[in-house]
Amino acid sequence: AIQLNGYAVWWWEAVIYLRKLGFLLLELVPGSKSKIFCFTVCCLAALHAQEIYRPFDDRQGDLLNRIERYQLWSTLTPSLMTLLALELDDPRTSNRSLWSAIVVLCFVS
């Protein structure tokens, strides 16, 4: 069912369904590292869109936007940590400082 109560942007429900479809389609990506990377990119894009559009109305001190932001961060953080752990565990990888900088930038910004 489509919910419209609470949205300041009427089309945001469609964005949420597209995000869910994107997560479902990630199962078609071969390789666990590639899946985690694509999942992380999708989460970052969703978090970025959430912060730009702030799609929920501001009742109760912007509660719905904060809940959505915390949910996206709680989804993004384990995938970032897993991706970083996989990169640091791979002896062939020379991008350790790059990945560390990416993780730090995600938490700082």
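These legends go with several close-up views of one predicted model.

**View 1**
Going along from the N terminus, the order is simply α-α-α-α. Of the 109 residues, 31% are buried. If you take contacts with a separation of 6 or more, 55% of them link residues 24 or more positions apart.

Across the protein the mean pLDDT is 83, and 83% of the residues reach 70 or more. Helix 1 comes out highest, at 91, while helix 4 (residues 96–108) comes out lowest, at a mean of 68. Keep this in mind as you look around: where pLDDT is low, the predicted coordinates should not be read in detail.

**View 1. Two nonpolar cores.**
Six residues form the largest nonpolar core: Cys43, Ala46, Leu47, Leu72, Leu76 and Leu80. Two helices each supply at least two residues of this core, namely helix 2 (32–53) and helix 3 (59–89). There's also a second, separate core of five residues, with Tyr7, Trp12, Ala49 and Phe56 among them.

**View 2. Helix 3, from end to end.**
This helix has 31 residues, and its first and last C-alpha atoms are 45 Å apart, close to the 45 Å expected at 1.5 Å a residue. Look for a bend of about 30° at Arg66. Which residues of helix 3 are buried? They are Asp62, Asn65, Glu68, Arg69, Leu72, Leu76, Ser79, Leu80, Leu83, Leu84 and Glu87. A handy rule for reading a list like that: an α-helix has 3.6 residues a turn, so residues three or four places apart point the same way.

**View 6**
The whole structure has six salt bridges. One of them pairs Lys35 with Glu27, and their closest N and O atoms are 3.6 Å apart. Glu27 counts as exposed because its relative accessible area is 56%, over the 50% cut-off. Lys35 is partly exposed, at 27% relative accessibility. In another pair, Arg59 and Asp57 bring their closest N and O atoms to 3.0 Å. Arg59 has a relative accessible area of 44%, so this residue is partly exposed. Finally, look for a network: Glu51, Arg54, Asp62 and Arg69 are joined by salt bridges that share partners.

You'll find Gln50 in helix 2. Why does Gln50 count as buried? Its relative accessible area is 1%, which is under the 20% cut-off, so Gln50 is buried. Not counting residues up to four places away in sequence, Gln50 touches Trp12, Pro55, Phe56, Asn65, Glu68 and Leu72.

Definitions and conventions. Residues numbered from 1 in each chain as written. Predicted model: local features only at pLDDT ≥ 70, side-chain atom pairs only at ≥ 80, totals over all residues. Heavy atoms only, no water. Core = buried A, V, L, I, M, F, W, Y, C linked by side-chain atoms within 4.5 Å. Buried < 20%, exposed > 50% of the residue type's maximum accessible area, 1.4 Å probe, protein only. Helix = DSSP H or I, 4+ residues; strand = E, 2+ residues; numbered from the N terminus. Expected span 1.5 Å × (residues − 1). Bend = angle between axes of the 7 residues up to and from the residue. Salt bridge = Lys/Arg side-chain N within 4 Å of Asp/Glu carboxyl O. pLDDT = per-residue confidence, 0-100. Contact = heavy atoms within 4.5 Å.
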